Amino acid sequence: MLTFQKNEDSNFAAEESSVQDGYCRIAFTPSPHDGIAKLWFHWVVRNESSEPLPPQTRIILKNLQGVLGAEDGSFQPVIRTDKSDWERLHSGVRSVLPDGRTQLEWIVKTPQRNGFLECALCYPYWMPELERMCQETGGYWVADEIGVTREERRILRLSNCYGNPERPERGLYLLARQHAGETPGSWVLDGLLRRLAERKAPFPVWCIPFADPDGIANGDYGKDSFPQDMNRSWGPFEFMRHETKVIGTDLREWRRRILPGESLVLDFHAPGADETGVYAYVSDESRKHPFRWKIHDLLPRLDRAIAPCSQTPFLRTGGYKKYSAWGEFANLSEFCLWTLPLLFASIEISYWKAGGKVLTRKEYQNIGSRITDEIISIFSESLQSGVNKKCV
């Protein structure tokens, strides 16, 4: 049989491993890890059998009916082995059991003896990938520790320069992984950071690549998690998590160094499992905001820049929030728009498909690159003489 292996960032539960009907059979369900919703999964099985195993393995995702946004089961996870790099699975075969439960099944090659098979909802992104990006951009990004999590992991902020409170200028603040399992946001952010480095962006960029390092290390999905969803813990009266307090303090410091009506905060997320495309969320009340015309003019330009990957409609408001478990609490959008205030948008990126194409890591990065080019263009068009000429 194949043996499930617990790693630092694993997420699987109710695992089963057997040999049946001429196949290896492994079955699992994602774990909510102290949350309401479950979606993210990431596991490794190893072939440690002393006897030859069947050449093919049936992978079964159980209890699909409890996986967020996976009613159709159309999403396509990723796999790799000790002999191959990450690649997409085809769409799974959905079946309904006699009692109404649903499941998905894929058939793959069994790993060779002493080899492994690794599977995840989408391409994982953690410290090795971030370190590779930093190395491959030639040291353009400086990493600073701005605080620690409640489990005492470091919260890192990347920057290309610190800016100057005496000479505020247009700037960009970026975040990803408020919900730990939403790795598509990290891959788009990776492409964005690479392109900013390539073009040597002439304005201060600060970036929190991992807003929830504890959740990532623990294999959490993170949406609607306890004791508080990170993106529902920004107020309205006080931060509800230490991590948001750390990042909020950093945002306030960045705001001292930029022109608030000319700068932008972008937060990268991923939607339900079956959703495709890329789209943007703004606050329900963003049209009442003093900067409303700018964000509502800017986002359609990002829509056109990433077409055909963008979903219609591209610009949305989070009308669901008041019905959610944390409806009374402020999210990052509200913190940026009303407490700071700053221009803000949340970008949602599919776990698997956009523009009619199944997404690779390179295609995620390309979306980020195109967002970068458009932001630089927007910033350049309205530059005043002597402003943002040089990032020092």
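This is a predicted model: local features need pLDDT of at least 70, side-chain atom pairs count only at pLDDT 80 or more; totals for chains, interfaces and linings use all residues.
**Overall fold**

The secondary structure of the protein comprises seven helices and 20 strands. Its radius of gyration is 22 Å, which agrees with the value near 21 Å that a compact globule of 392 residues would have. The C-alpha trace spans about 75 × 45 × 40 Å along the principal axes. Buried residues make up 58% of the 392. Of the contacts between residues at least 6 apart in sequence, 77% join residues at least 24 apart.

**Helix pairs**

Helix α1 (residues 127–136) and helix α2 (residues 183–198) have axes that come within 10 Å and cross at roughly 15 degrees. Because angles under 35 degrees count as roughly parallel, α1 is roughly parallel to α2. The crossing of these two helices, α1 and α2, is right-handed. On the α1 side the contact involves Glu129, Arg132, Met133 and Glu136, and on the α2 side Trp187, Asp190, Leu193 and Arg194. Sorted by class, this contact of α1 with α2 has five charged, three nonpolar and no polar residues.

A second pair is formed by helix α4 (residues 242–256) and helix α6 (residues 332–339), whose axes come within 12 Å and cross at roughly 35 degrees. The crossing of α4 and α6 is right-handed. Gly248, Leu251 and Arg252 of α4 make the contact with Leu332, Phe335, Cys336 and Thr339 of α6. By class, the contact of α4 with α6 has four nonpolar, two polar and one charged residues.

**Leu158 and Ala143**

Leu158 is placed in strand β12 (residues 154–159). With a relative accessible area of 1%, Leu158 is buried, because the cut-off for that class is under 20%. Apart from neighbours within four places in sequence, Leu158 is in contact with residues including Leu130, Met133 and Cys134. Also among the contacts of Leu158 are Trp141, Val142, Ala143, Leu193, Val205, Trp206, Cys207 and Pro209. Two of these residues, Met133 of α1 and Leu193 of α2, also take part in the contact between those helices.

Ala143 belongs to strand β11 (residues 142–148). Ala143 counts as partly exposed, at 47% relative accessibility. Not counting residues up to four places away in sequence, Ala143 touches Arg157 and Leu158. The C-alpha atoms of Ala143 and Glu15, 128 residues apart along the chain, are separated by 38 Å.

**Backbone features**

| Feature | Residues | Value |
|---|---|---|
| cis peptide bond | Thr312 to Pro313 | omega near -5 degrees |
| cis peptide bond | Leu340 to Pro341 | omega near -25 degrees |
| positive phi | Asn63 | about 55 degrees |
| positive phi | Asp224 | near 55 degrees |

Pro313 lies in strand β17 (residues 310–317), whereas Pro341 is in the loop between α6 and β18 (343–349). Asn63 is not a glycine, and its place is in the loop between β5 (56–61) and β6 (78–81). At 26% relative accessibility, Asn63 counts as partly exposed. Asp224, also a residue other than glycine, lies in the loop between α3 (213–217) and α4. Asp224 counts as buried, at 14% relative accessibility.

Terms used:
Residues are numbered from 1 along each chain as its sequence is written. Side-chain values use heavy atoms; hydrogens and water are left out. Axes are lines fitted to C-alpha atoms, for helices over the stretch in contact, and angles run from 0 to 180 degrees between N-to-C directions. Helices (H or I, at least four residues) and strands (E, at least two) are DSSP runs, numbered from the N terminus. Angles under 35 degrees count as roughly parallel, over 145 as roughly antiparallel, 65 to 115 as roughly perpendicular and the rest as oblique. A crossing is left-handed if the near helix is turned anticlockwise from the far one by less than a right angle, and right-handed if clockwise. Contact means heavy atoms within 4.5 Å. Ala, Val, Leu, Ile, Met, Phe, Trp, Tyr, Cys and Pro count as nonpolar, Asp, Glu, Lys and Arg as charged, and the others, Gly among them, as polar. Buried means under 20% relative accessible area, exposed over 50%, partly exposed in between (1.4 Å probe, protein chains only). The radius of gyration is taken over C-alpha atoms; the globule rule is 2.2 Å times the number of residues to the power 0.38.
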